[in-house]
Amino acid sequence: MARARKPFLMRASPGVMAAVERLAAAELRSVNAQMEVLVREALARRGIVVSADDDPSDDSA
């Protein structure tokens, strides 16, 4: 069963996207999954708890 995801559009500079693409490739993730990991890490650094209802490293959906 597919997990619910909320789609959204995002604008980023070409340099930022290139860096995310390289990081995603190095960590064997899609760019989408890598962006979610980065957002979750940034939220955690700010002390914001995100529910652990799914594993962001699982890119099967």
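Helices (H or I, at least four residues) and strands (E, at least two) are DSSP runs, numbered from the N terminus. With that in hand, welcome to the tour.

This is a predicted model, in which local features need pLDDT of at least 70 and side-chain atom pairs count only at pLDDT 80 or more, while totals for chains, interfaces and linings use all residues. Residues are numbered from 1 along each chain as its sequence is written, and side-chain values use heavy atoms, with hydrogens and water left out.

**Stop 1: the whole chain**

Start with a cartoon view: the chain has two helices and zero strands. Of the 61 residues, 13% count as buried. Here buried means under 20% relative accessible area, exposed over 50%, and partly exposed in between (1.4 Å probe, protein chains only).

**Stop 2: where the helices meet**

Select α1 and α2 together. Two packed helices are described by the angle between their axes and the distance between the axes. For α1 and α2 the angle is about 100° and the axes are 9 Å apart. Axes are lines fitted to C-alpha atoms, for helices over the stretch in contact, and angles run from 0 to 180 degrees between N-to-C directions. The two helices are therefore roughly perpendicular to each other (under 35 degrees counts as roughly parallel, over 145 as roughly antiparallel, 65 to 115 as roughly perpendicular and the rest as oblique).

Now show side chains. On α1, pick Met17, Val20, Glu21, Leu23 and Ala24; on α2, pick Val31, Gln34, Met35 and Leu38, which together make the contact (heavy atoms within 4.5 Å). Colour them by class and you will find seven nonpolar, one polar and one charged residues. The classes are Ala, Val, Leu, Ile, Met, Phe, Trp, Tyr, Cys and Pro as nonpolar, Asp, Glu, Lys and Arg as charged, and the others, Gly among them, as polar.

**Stop 3: the loop**

Move to leucine 28, in the loop between α1 and α2. Most residues other than glycine have a negative phi, and most peptide bonds are trans. Leucine 28 has a positive phi, near 55°, and it counts as exposed at 77% relative accessibility.

Flanking residues give you a salt bridge: arginine 29 pairs with glutamate 27, their closest N and O atoms 2.4 Å apart. A salt bridge is a side-chain nitrogen of Lys or Arg within 4 Å of a carboxyl oxygen of Asp or Glu. Glutamate 27 is partly exposed, at 39% relative accessibility.

**Stop 4: a charged network**

The whole structure holds three salt bridges. Select arginine 5 and glutamate 36, whose closest N and O atoms are 3.3 Å apart in another of these bridges. Arginine 5 lies in the segment before α1 (14-26) and glutamate 36 in helix α2 (residues 31-45), so this pair ties together parts 31 residues apart in sequence. Arginine 5 is partly exposed, with a relative accessible area of 39%.

Glutamate 36 and arginine 40 both sit in α2, four residues apart, about one turn of the helix. Arginine 40 counts as buried, at 18% relative accessibility. Through shared partners, Arg5, Glu36 and Arg40 form one network.

**Stop 5: leucine 43**

Finish on leucine 43, found in helix α2 and partly exposed at 26%. Which residues does leucine 43 contact, leaving aside its neighbours within four places in sequence? Select Ile48 and Val50 to see them.
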